[in-house]
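I am opening a notebook page on a structure that is new to me. The entries follow the order in which I looked things up.

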Amino acid sequence: MSDALDSAALARAFTLAAFGLVLSSFVIQRTAGGVTYATMLGGLCLVGLAMLVRRRRELNLLRLVPTTLIGLLAWLLASVFWSTDELRTLGGWLGLAAVAFLAIVIGHVRDTLQTVRALGDVLRTLLSVSLALEILSGVLLDTPLRFLGVEGNLALGGPVQGIFGTRNMLGFVAVIALVTFVIEWRTHALRTGIAVFSFALGGLLALFSASPTVFVLALAVAGATAALALVRRAAPAGRRTLQIGLASTVVIGLTISYFFREGIIALLNAGSDFATRAGLWDTLLIYVRLRPVQGWGWFGPWPAAEFPFSSINIITGSTHGSALNAYFDILLQAGWLGLILFVGMSAIALVRSWLVASARRSVLYAWTPLILVTLLVDSVFESFTLTGFGWMLLVVCVVRAGLARSWRERIRHPDPEPSGLGGASSG
């Protein structure tokens, strides 16, 4: 049994199971209930803990969990003391910590290539299931499968949700999948036929999701890819100047986008969606001012009957399950300190991974910064990065960035790209 805990086969199976469980959380909870999902999540955490204990001599305790992640989780846990419902806050934190723990285990038992390949396999499977269910519901049966959250609008051109609950979540997953599939293809991890199928599957579902955020995410990823390619081709002596120039361009671009936001919203045909979000954010800020530093306590997805979420929904006349913006959501629940910790953790991981991808020859290292760009841009429109699959990906990227480039390397100098502790290194 002890030999199995550090085997490559178990490490791959654990990674596939963890990604599959968190990505399928909506369907599992709709069909089997939240208790079943929580039990499965807890069981995987126990397996992950056993794997880490078995590998304890191969792990560096200083590099096990990034300091920024520890700080954020500690602050969210501390919010139990001023929350309006201590038990709900503790439950929300345990769910967040459990998913983060799975991501930490993946970061230490799989290297980057193995992580990308496992995620690609899971995404191909679940997107295929989504497309099959949409064809069954919208074309063959012409009736919604409401118990799975499938509305059956495929024959109408969308929007479709697949097994992910909402069109925006499907669009987000599809963009993540396309980034992952491209990296798999460029690293020769996919045969040509499977690569073509993967691109077609991801692109088709992104299109039929009819999510206005997909276009924005695609532009952001394309821009980041072009910038990273430009930096990688530049001479080492001129990279610093080029990096500063690119950072300045991003700041200028964001400023211009802010001042011309109404025209951009009209171009994306997202006026009603943005109006909904703007009204929600204006109302939310009223309650932020009442507890600006510490927030109202961490809950994750909004409990409908809990203050201040119930009050915000009454004022806006809607039933929101989140702030539709990860930054506003964590500001409301964890205050300005929580927002600073979240943004700081994400920014440090992005800078670390960007610098690594700029300096190393393999295109594999581009996966982490491109996924982080996707997560941080999507966080402007949704709160996916604070729960479930989005949070899991964020923690995986933070761990990978910390392993590749960290101040703690000055204390000890292990290999910056571990061999996965359960398989051959991707080099």
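Is arginine 88 buried, partly exposed or exposed? I looked it up: arginine 88 counts as partly exposed, at 44% relative accessibility. Buried means under 20% relative accessible area, exposed means over 50%, and partly exposed lies in between (1.4 Å probe, protein chains only).

Before going on, I noted that this is a predicted model, where local features need pLDDT of at least 70 and side-chain atom pairs count only at pLDDT 80 or more, while totals for chains, interfaces and linings use all residues. Residues are numbered from 1 along each chain as its sequence is written, and side-chain values use heavy atoms, with hydrogens and water left out.

**Salt bridges**

I searched the whole structure and found 7 salt bridges; each is a side-chain nitrogen of Lys or Arg within 4 Å of a carboxyl oxygen of Asp or Glu. Arginine 88 has one with aspartate 85, with 3.4 Å between the closest N and O atoms.

I then took glutamate 382 and arginine 277, whose side chains meet at 2.7 Å, N to O. This pair links distant parts of the chain, 105 residues apart: glutamate 382 is in the loop between α16 (367-378) and α17 (388-404), and arginine 277 is in helix α13. Helices here are DSSP runs (H or I, at least four residues), numbered from the N terminus. Both glutamate 382 and arginine 277 are buried. Salt bridges with shared partners join Arg12, Asp121, Arg124 and Glu184 into one network.

Aspartate 121 is in helix α7 and arginine 12 in helix α2 (residues 8-23), 109 residues apart. Aspartate 121 is partly exposed at 26%, and arginine 12 is partly exposed at 33%.

**Aromatic rings**

I counted 10 aromatic pairs; rings of Phe, Tyr and Trp (its six-membered ring) pair if their centres lie within 6.5 Å, and planes under 30 degrees apart count as stacked, over 60 as edge-to-face and the rest as tilted. Tyrosine 287 and phenylalanine 307 are edge-to-face, at 5.7 Å centre to centre and 80° between the planes. Tyrosine 287 lies in helix α13 (residues 271-290) and phenylalanine 307 in the loop between α13 and α14 (309-316), so the pair ties together parts 20 residues apart in sequence. Tyrosine 287 is buried, at 8%, whereas phenylalanine 307 is partly exposed, at 37%. Ring pairs also link Phe172, Phe384 and Phe389 into a cluster.

Technical notes
Helix = DSSP H or I, 4+ residues; strand = E, 2+ residues; numbered from the N terminus.
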